[in-house]
Amino acid sequence: MSKMFRISLPDGSVREMPEGSTPADVAAAIGPGLAKAALAARVNGEVRDITRPFEEDAELALITARDEKDALELVRHDYAHVLAEAVQNLFPGTQITFGPATDDGFYYDFAPAPGRGAFTEEDLPAIEEEMRRVIARDEPLIREVWQRADVRDFFQRTGETFKAEWVMELPEGEPITMYRSGQGEGKWMDLCRGPHLASTGKLDPQAFKLTRVSGAYWRGDPKNPMLSRIYGTAWLNRKQLDEHLKRLEEAAKRDHRKLGQEMDLFHLQAEAHGSIFWHPNGYLIWRELEAYMRRAIDAAGYQEVKTPQIMDARQWEQSGHWGKYRENMFVIPDEVPNTEDEGPVITGDADWMALKPMNCPAHVLIFRQGIKSYRDLPLRLYENGCCHRNEPHGALHGLMRVRQFTQDDAHIFCREDQIVDEVKAFCSLADRIYKDFGFSYSIKLALRPEKRFGSDADWDKAENELRDAVKAAGLATPEYGWEELPGEGAFYAPKLEWHLTDAIGRTWQVGTIQSDRVLPERLDASYVGEDGGKHRPVMLHRAIFGSYERFIGILIEHYAGRFPLWLAPVQAVVATIVSDADGYAEEVVRKLKAAGIRAETDLRNEKINYKVREHSLAKVPLLLVVGKREAEEGTVALRRLGSEERQLVMSLDEALRMIATEAVAPDLAGQQG
């Protein structure tokens, strides 16, 4: 008699299944509809192939397309494998490396056959068609367990030198899984942890699209060979794909790099990789945001500080950043460079200093100046802190990923009994600020990573304090997308993350608050408690914008360059119809500027329709058109950017009052009399 396993289902029922049975057998026993819909299985919490046999009694949850997050991860992984098989079918001699799922699809890195040259976007249509042929064959995806040496021998025999190299770095004696596309010898195979769908035919051949090709170094190291990386986007069905492609089309129109150039906000150039050259228009936006944030932090009881750009490496060693973060730091020898024509510029014997990649150690040093009492806490130190991180050139992306950036950074030093109230207050502050900019958001709790500083007891406390604060703030609900993310905390602290949703449905992780007991200990921060003894403060690291650069990039794309009036670099242009109105136009601009409005004239000898079109492209919110009649009557014809309504004719005084009211920042609007 065969051995029986007890399989517990989510509804509380239990099914007895014989040894050798699979989740697919359970689905079939429940009904043909579920058998068809089931894509994979969660067995004792682990996502597995639906055809992988049970090994013991188990808790089982079947994964269908309704479990969208898991289902998308599965299909994107499968599309990557299908891509690799298709490329090798079309281009013999191509070597495969790795191909993970991504947030909206997948990619795979290939070493083209000798003499062929890198893949290009011209290759993509043929590869797509071959992928559809692979899917149509509906080959089963078969999991096999191999020994490491056998895997190496297989890849060496088939000319896959990259895979053969990689497999030898896996732990000796650890079983390794290979996936075969179809039954029998000679079928396409890849090294993969899995899981996969039951067969290629489970994929929708109309739900993917190859999007682009780029270069990528093997294992991310510039010393290694350059590979061709083919990207694709993949979804559960054609409707999802079409919606995504529409979002991409809209995102391309909103690209902050394109709009930044059109609106004359900033530029980048090779003389300062990863750093921004802000133009006057762009820096006006920065200044408005900085003023807005200063009002917010002043009202919330923060004290603004300024700390050095460069600190001794020993300070970074003590904080733990030197060991954990050194590869992303710009280091500087503490010596005068050689000024002679010959010989090394630096000796190599000097002590090292580093440009700060973050502000927190410097804020601890400010806290340590003078004796602090429990009565001084909470102490909230804020800095618009300029930081530098040595990001790889290939990772840089406009304002979104830079090497020099300014954080709206603050650190709250508090007692343990103050943590929940401080985090709750921060949640309220962040909520108001994000809503002022028109964002909705979700909030996540990133939990302890595998490699971390601090005791488990301290991590337990910190995680529970953040949970309790979010609950007290009323945000730990489905409405706010509350979710816990295992393993995604910083090495010194768990953190709450704010994920903003923009105007076209994209999400951006921006604000954070982290509860840290590690850094105060490592840098010896203390206060005198009510008992007269020495105590460690808890350090809350927090930011709302994250960095000014990235937040401005997000705002440009969120608003599609059409900033609300208070943020627009040029708020109004007064354009003339005829030269007889030039003097009146200049008078209107003087009065607008006196009312605090950023206004310009357009007195060029051009037709008014040309001027309207040009200022619309420049995303100027208000255009005040004046001609001979307006000059005689003291009126203006007001046009709003993007409005389908006809221009509104009103008296200049009325227009000034209306514009001045609309141009007030949202946090000041309620203070007007």
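Q: What separates Lys435 and Asp431 in helix 13?
A: About one helical turn, because the two residues are 4 apart in that helix. Bear in mind that this is a predicted model.

Q: What makes the contact between Lys435 and Asp431 a salt bridge?
A: The rule asks for a side-chain nitrogen of Lys or Arg within 4 Å of a carboxyl oxygen of Asp or Glu. The closest N and O atoms of Lys435 and Asp431 are 3.2 Å apart, so the pair passes.

Q: What does the pair of Arg137 and Glu85 tie together?
A: Arg137 lies in the loop between helix 4 (124-136) and strand 8 (141-146), while Glu85 belongs to helix 3 (residues 68-90), so the link joins parts that are 52 residues apart in sequence. As for burial, Glu85 comes out at 8% relative accessibility, so it counts as buried. Arg137, at 42%, counts as partly exposed.

Q: What makes Arg257 and Asp255 a salt bridge?
A: Their side chains meet at 2.7 Å, N to O, which is within 4 Å, so the label holds. Asp255 is buried at 17% relative accessibility, and Arg257 is partly exposed at 38%.

Q: How many salt bridges does the rule give?
A: The count comes to 56. There is also a network of them linking Arg448, Arg452, Asp456, Asp460 and Glu463.

Q: Why are strand 15 and strand 22 called edge strands?
A: The open sheet has 8 strands in the order 15-19-20-27-24-23-21-22, with mixed pairing. Strand 15 (303-304) and strand 22 (483-485) each have a single partner strand, so one side of each is left without a neighbour in the sheet.

Q: How do you know that strand 20 and strand 27 pair?
A: Pairing takes at least two bridges. Strand 20 (residues 404-414) and strand 27 (residues 538-543) share 6, in the antiparallel sense, so they qualify. His411, for one, has His541 in strand 27 as its bridge partner.

Q: Which helix packs on the sheet, and what does it touch?
A: Helix 16 (residues 548-559) does, touching strand 19 (379-388), strand 20, strand 23 (495-501) and strand 24 (507-516). The direction of helix 16 makes about 150° with that of strand 24.

Q: Which residues touch the most other members of the largest nonpolar core?
A: Leu289, Phe437, Trp498 and Phe545 do, out of 63 residues. Helix 13 (residues 419-436) gives the most to this core, with 8 residues. Apart from it lies another core of 37 residues, including Leu72 and Trp235.

Notes. Residues are numbered from 1 along each chain as its sequence is written. This is a predicted model: local features need pLDDT of at least 70, side-chain atom pairs count only at pLDDT 80 or more; totals for chains, interfaces and linings use all residues. Side-chain values use heavy atoms; hydrogens and water are left out. A nonpolar core is a set of buried Ala, Val, Leu, Ile, Met, Phe, Trp, Tyr and Cys residues joined through side-chain atoms within 4.5 Å. Buried means under 20% relative accessible area, exposed over 50%, partly exposed in between (1.4 Å probe, protein chains only). Contact means heavy atoms within 4.5 Å. Axes are lines fitted to C-alpha atoms, for helices over the stretch in contact, and angles run from 0 to 180 degrees between N-to-C directions.
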